[in-house]
Each structure stands twice: as C-alpha cells, then as structure tokens.
Amino acid sequence: MPRWGMAVDLDRCNGCAACVVACHAENNISTVGADEAARGRAKHWLRIERYWEGEFPDVRLTFRPVLCQHCDNAPCEPVCPTYASHHTEDGLNAQVYNRCIGTRYCANACPYNVRFFDFFNPSWDKPLHLQLNPDVSLREAGVMEKCTFCVQRIQAAGTQASAEEREVQDGEIQPACVQSCPSKALVFGDLDDPGSRVSQLSRSPRGSKLLEDVGTRPKITYLARQSQA
Amino acid sequence: MDRRSFIKLTAVTGTSAALASCGNPENQLIRFVPAEDIVPGIAVWKPGVCPLCQAGCGLTVRVMDADADVVRNGQAGLVRIAAAKKLEGASDHPVNHGGLCARGQAAIQITYHPDRITQPLKRSGDRGSGRFEAISWDDALGDLARRLDALETAGNQRAVAFLTRPGAGFRQTLIDQFVSRFGAPAPVAYELFGDDVQRQANALSFGRHQVQTLDLANTRYLLGFGADFLGTWNSPVAQGAGYGAMRQGRLGVRGVFVQVEARMSQTGANADEWVAARPGTEGVLALGLAHVMMAEKLVPDSAGRAGAIVAGWSDGLVDYAPDRVERSTGVPAARVERLAREFAATRPAAAIVGGPPLAHSNGLFTALAVNALNALVGSVDQPGGMSFMPQLDTVAAAGLTGSPARQTIERFAADALSGRPAPDVVFIDGVNPVFTAPPAWRVREALDQAAFVVSFGSFLDETSVLADLVLPDHSFLESWSEAVPEAGAGVAVASVAPPVMRPLYDTRATGDVLLDIGRRLRRPLELPWQTFDEMLAASFSALPSATADADAWTDAQAKGVWSGPLPPRLARQTGLASPARRTFSFEAPRFDGDAQQYPFHFLPYPSTAFLDGSLAHLPWLQEMPDPLTSAMWSSWIEINPATAARLRIGDGDVVEVASSQGALQAAAVITPGIAPDVVAMPMGQGHRTFTRYASGRGVNPIEIVAAVTEPATGALAWAATRVRVSRLGPPDSRLVRFAGGMREETEERR
C-alpha cells in the first residue's frame, strides 16, 4: 500500500499562483464573491504564503505554497465526532462530506489553516457549471472541505494500472497543482517507495516539515530556499 | 413499523415527491437528442492553444459529457454535449513543457462565462448606452458589406480602420490581407504592456526586431532589470520552467539571480539580491557595470554593434564610473563594483530587461544599455544566454507577399479627432483601448467620430459597448486556434488546434467572418480561402514535416503544435536594412508632473491575475489572492512603510492618488518591497462595464497616467507619471485580503 506525500522545492517556487487556480478548476471549488471573501469565507485549498524579511532596500521574500499537510498524526482526525475526517490506508487525510455534520472541530484543531467551511450551497452562474469536474463531488452548506491530494486522480491511475495488470508508476499521478506548476516545484508520489522522486527529495538535507514541532508528522516536505553562496 | 413497510413507504413518498415537481412546466425535463457521439463518463483529451497572451502555450483539454441548457424551436431543454472540462499545459509543447499559468488555467471560464455575447447584436440605444437588439448574421453582414461598398464607390476606402492586438499569427495576417486588399490603412495595433521598445532596441543592437528568448536553464548568473519574467512578461511559463532548472536542475550548480527594480515584482521577490534603482536610471546602472568590467579588464572590451551604438563605449564609458552611477541611480558605488565583478566572473551569465525600466521616455536607451551588457559578457546566441528564436513568417507560409505595417493608436485617435479623415467604419478585434489607453489620447472621443463601429468581441467591455454592430467570435475552444510565438523556445514554433467543442451559441469565427465579408463585397477581396482553417491548412502544408509518418498539417493538428527547423524562405525576416548611424547616451527620464507638487513616481504594473485588465471578468482570477499582497476582488496602492508613517497612512487606509490627469481613491497596502518615493498600483480593475464580475469594482490606474511616450517607438511611457498621495480615511470594505486577519497572519508572525 503506497503512502502518498509531496515535496515542495521553495527554491523553484516563484509564487506564480498557477497551482491556486488549477486547484479550483480541478476540485469544483466555488468562488464566494467579494463580500463573503471579506468575511473570510473564500476557499483556497492551496494558498501562497509570503515571508518578508528585512527593511527597504534590503528586502527578501520567500513564497510558500501551503495546502493540507496530510499529517500522519493529524490533529483534525481524532476530534471529529462522525469520523468524517479520517485517515485512509494510503495515508491521506480524507474528508467524507456525507458524514460531516459541520462541527468545525477539525478546522479548530488544524494548525495549518487549510480546512474550509462551506457557508453556502455552491452555486455557479450558468453556464459556468459546464466546467465542473464530474469526478469530484460538490460540497453542500454545512460541511468542511479540504485538499484531497486529488484523490480522484489517484484512484483513476490505480484503476488504470490494475486494468493493465501493473503497478502505478512513479510520476504517473499528478495532482492538479503539480501538473500545472511551470517550474516543477511540486513533486508527488509514494513515500514508502525509496526510489520515488518524492522520497528522494524528502530525504534532502534542505528538507523540513511545516510546524514540525507540534508533532503532526506531515507528509509534505519543504525544501528550503537557498541563499547566494 | 417493520423494515419492509418502511422501505415501501419511502419509495412511495419519494416517487410522489418527484412527480409533484413535474407539475411546474418550468421544471419539465426536455432532453434533446445529442448532435454528437459521446460516451458518458469517458474523458477525451484534445489539443488547444492558450489565447491569453503572446506566449502561445499549448493546451491539453479534457473533454467529457455535460448537460447544457439549450433552446430548440422555441422549446427550452437539456442536451448532452461534449464539453471542455479542464485545461492542462501540453506536456510535449516546446514553449510550456506541460506547465500552465494561473491565467491559462482560468481561460476555460471565457467559454462558459454567463455574460458572453451569444449572437450578433445591433445597437438600439445611444452609443455607449449598452442597449442592443438581436440581428441575424445575414442581415448584419449584408449591412456591413453595403457600408464598405458605399465607401468604395466614393473612393473613400481609407476611412476604414482596424484596431487589433500586436502579434504575428495567422489571424493578424488575415486581417492585414483584409484591410490591404480593401485599400484601407494599416491596422492599428495597441497593447499597453507591449514590447515595442524592446524590439526596437534589439533591432538596433543585434539587427533583430524581435523579443529575445532566454536560456535560463543553463544560466549561472541572471541579472534582471525590472522584467517580471516569472509573472507577466514575455513567455512566463517557458521562463518559469527555465527558472526552476536554473535553481535546482543541475547537480551542484545553482544559478544566481539579481533583480534591479524600484518596486519588488513577483519575479523580483525570488531574487537572491534585490537592488532598488531610481526609476528611469536602470540603463545607467547597466553601463556602470560595463564600465567596471572594462576598467578592471574583467572581460574583452568588444561588444560589437551593441556596444558601438552606446555613446562613449570606445572610451570605456568614463561617464559611468561607480561614483557617478551612485549619484544617478542611488545604488552604492561599492555595490556596483561588486555586482560587476560577480557578473563578469560567472559564465554563462545573462542580463534581461523589460517592463517598468522601458516604460520611460528614455526606455530605448535603457534597453540598449542592457543589450550592450549582454554583448560584453558574450551571452548573445550562447547557451545560458539570450538568443532570437526563428519565427515562422505567416505571410510567406500562406503564400502571400508583403510585410505587415502597423499604426499606433495615438496617431489613429489624433487623426480621427482632427478629421483627416474621420474614420467611417472601425473594426475592433481583441483590444480594449478605451480602458487601457491614457485618457489624454482620447480614444473614446475618436471612436465617437466613427460612423459605424464593428466589434468582434465576446463581451461588452468599455470599447465594444460603443459598437454599432457586434459580431461575436467563437471562444478559443470552439474554433480553430493558432499562435506563432516570437520567443520562449529554441526552435521555431507554430501552435495550432482544431475546435475542441461545438459552439455553444450563434457565434462565428472572426476569421471566417472576415473571409465572408470579403466575398460579399461588390468588388470581392479575392482571398484564396473560403474559411480560416483552409488558410491554416494551406500554410501548415507548406512547412516541412516533423515526422515521416504524416504531413506537417496532419501532424500539427494531432499534436497541437508544429516545431522544427525552418527553411529560410519561411523564416520571418527581422533584420534592419541598415544599422543605426547615431549613438545613444543617457538622457534624464522625462516625467509628467512637478517633483515638488507630485513627489512620488506612479507605477501602474501588469496584474498577476488580469494582465492589462483583459481578464478581470474571470471569477477564478478575481478570487485568486495576489501573490504579493493576498488581495482579491480589489484595487490597492502599494506604499513603503517609512512613507506611510510620514503621511500617517495605516495599512488598509483609504488614500487619494492624484496626478496632473486626475485622482483615484484606493486602499493602501504597506509593503517593504517598494522605494519610498514610488507608489504602485496593479492594472486590471476599475472596469465601468465588463461583465457582472468586473464592472464597477476598484479603480483603473491608467486614468491618471499622462501621455508621455518613448519618442523612437511612440510607445506609452506608462511609468513616467508623478503623483501625490494623501490619506482620506480609515480602512473600509474596498480591500479584501485572503490573509486578512484569519488565515496567514498567525503563520507569518511565528
């Protein structure tokens, strides 16, 4: 059984936000409009964070794409009274929308701020609905939604591979953010396969986990941005 | 109740509930027979071409079944169509290598936009009122042909104007043919953030009137002058791919990146070293580096023609000694010397300029200075340097002759307003100059002089709302699409793709419409094709085939792209007939507005989301947090913290920005990445009319930009306006940020 994870090379990432829109397009994430966005209700399963250092003119900025870290020791899971937030066998922090009753305990427990509550039923001004991805279910009002590592793509690749009686190849599965990234900053794959690109990158001396000290054991490794030697 | 009867009961009530909803005729489910063969639930992938900028990235479009609302014979119902679902970058495309930027991802919303124009329209109210009525294609085209015939009868063919985007694709070539065969003046091309100055400089320095391609993947030292090459400039996906490889694609080698600019762009934010130079003095810094390199004998002195046209080059650029450079640019002399030594010591190295440094009255000099610097370090036509990509000559490929000419929109407007001659019929394709040109050019007033304005737009924007006739184009997914990029790859590239899906509405491909009009005229234009795809077929058939299995046209359609070596007769000739006879030296940039009265430089910059504003109608891009500020759905003005403190402006406060041209109000974003004497504002918002998502939102910075131009090209010097800034009041609802107190703040403060 694979254990899915990701490596994010902050030395390649340049903050272009292609991944942010790719995620919306793939996962049927509805836009909420300016008024609701001002109330903090916009949903971005993946966001670009900025870390400013220094004062003018010696300013330095580092971008960091932040999405669900798919923690091995996820604080969102034990707090869910309905097991909507749970751990799958292949290591995803999954959210079963039909089980979710909207307590939002998981969002309170998550240190990464990557869970989003649906305050409304999703709506698309027709015919924008024609773009919807039929492989991803729509979330109704009152449930939490979050990054799934594009589980629909993981499953499709698994089905395809088993139909062809073979294993899923490394690099065969690309979540939407990984696929869109122009500078190839994001790498997805099986952490339990020591030969996979993501495992190799995760062992890099530049690697670290986000908020490692809180003990969540994230499956996303950030490779530090380097400085001029 | 036992289990069995419970299930029976729910089955009955469920059915009756479903039946009850059929009582309302509006909810009647009419399903029409699909017009195409579709296997439900099975995705098909088709090639496409991204239409949003000049880069010409290749797409792979996921197509699946979907239920579309349609009206057939007056009966509303549903029909299953094969619909585009998701745009991905084409993995083997020589420009984008599988990547696709945020804007490209959102392009699908153009096709499915709820405010698309679905059929030909004729103006029914006052011009600009936005009141239109339906008209049939036949009546519309017949009416238009009669007007053109009348002009021809009167011998007044020059009263036709065609406003379009710059570019060298087949659509432009068809437009050129249309206007020249009719006898009209050359098309008017306008793009606010265009590269005319760059091309002109490259023509003077290197004999190539073309934007350069960078081999970032092999560069070890990149010196950028203002070019937002990872965000909005030139071919950002190609450059993003190169950037990733430059940083981490080579074992043990990490390319260094230094960026010179007065406001930190998304690209500059990635620099190892960020150097703030005074606006309009970037060329001085470039020559200052060259001076140090020559004075210290770090490189051979020769920079060929690129050096020879810089005044004082043969004397070692004595006017650009580090202390003088410091006085001019504000960059310390010691830093100039250090950067010069680093730049000279690392091979391969490349310099690049674009964007704000060229948007000054002395922009041509700045571009020439950076070109000379490139020639000095030997980066021209070298791996890890800059080069000029061979470009397909679409005129030659189509079996035609002639070289396309273009007028500037400033000249068009001035001529129209002075009545020599007043335009009679004005065509508008793919441009919105009423929104993107400075008010002093009076484009709107010029269009008011025209008797008849025809737009091919899919949306009512500030320019197409003035039209008397709207002949809506298909979306790029519904028609043949093509692009002939001038930069971004090592070999010649021509992207082309058949329609991905059937048209949703009663629209027509503009290329086909132009050919149709040409046939309807009393003196037909005798264009050699019936449809636009015939033109593409004839042109691509002239290309050498990339594979042995198929001819070039078949192969290109299947892959979505043709690329390879070009026979000389099909390569665009970009050289100059004769080199420049003069030399260029630094002239202080000319600014609009007195420095006492207007103490700040005003920098309107291309928005990561909307470029020049042409994408503000896409909700995904409106709700995409800006990478540097996390702002969504908003306009804002960026101010240095020290300046803000002095003016007692707090983050989010409402401020007024005033130039000699007018004043705007926007929320302040206080950021360290901007010089204290510069304020910056993204383009894109401030549309008066541009669909439900963009209309009436934010402000348009171009409204306070003065009409200063770069004299050699006539390009707008959009960074040459000075402004004053004052606080109006506390924060209100106009600035929306994703990070606003909830999401990122806690993380950032750790």
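This talk covers the interface of chain A and chain B, the domains of chain B, and two of its sheets.

Good morning. The structure is a predicted model, in which local features need pLDDT of at least 70 and side-chain atom pairs count only at pLDDT 80 or more, while totals for chains, interfaces and linings use all residues. Residues are numbered from 1 along each chain as its sequence is written, chains are lettered from A and ligands numbered from 1 in the order in which they are written, and side-chain values use heavy atoms, with hydrogens and water left out.

I begin with the two chains. With contact meaning heavy atoms within 4.5 Å, 74 residues of chain A touch 84 residues of chain B. The size of an interface is often given as the accessible area lost when the parts come together. Here the buried area (accessible area, 1.4 Å probe, that two parts lose on being put together, summed over both) is about 6100 Å², with 55% of it on carbon and sulfur atoms.

Which elements of chain A each supply at least two residues of the side that touches chain B? They are α1 (18–27), α2 (34–38), β2 (47–53), β3 (60–66) and α5 (176–180), where helices (H or I, at least four residues) and strands (E, at least two) are DSSP runs numbered from the N terminus. The most comes from α1(A), with 7 residues.

I turn to chain B alone. An automatic or database domain assignment gives domain 1 (121–192 + 392–566), domain 2 (196–387) and domain 3 (600–748). Over C-alpha atoms, the centres of domain 1 and domain 3 of chain B are 32 Å apart, and their contact takes 17 residues from domain 1 and 23 residues from domain 3. These two domains bury about 1500 Å² between them, 68% of it on carbon and sulfur atoms. They share 0 salt bridges, but 5 residue pairs are in polar contact across their interface.

Finally, the sheets of chain B. Strands of a sheet pair through backbone hydrogen bonds, either parallel or antiparallel; pairing requires that DSSP finds at least two bridges between two strands. One open sheet has 7 strands in the order β6-β5-β17-β16-β15-β7-β8, with mixed pairing, and its edge strands are β6 (132–134) and β8 (188–189). Strands β7(B) and β8(B) run parallel and are joined by 2 bridges, with Leu163(B) opposite Val188(B).

Asp65(B) and Arg80(B) form a salt bridge at 3.8 Å, N to O, linking strand β3 (residues 58–72) to strand β4 (residues 75–89) of chain B. Over all chains, the structure holds 51 salt bridges.

Conventions. A salt bridge is a side-chain nitrogen of Lys or Arg within 4 Å of a carboxyl oxygen of Asp or Glu. A polar contact is a pair of N or O atoms within 3.5 Å; within protein, one must be able to donate a hydrogen and the other to accept it, and residues adjacent in sequence count only if both atoms are side-chain atoms.
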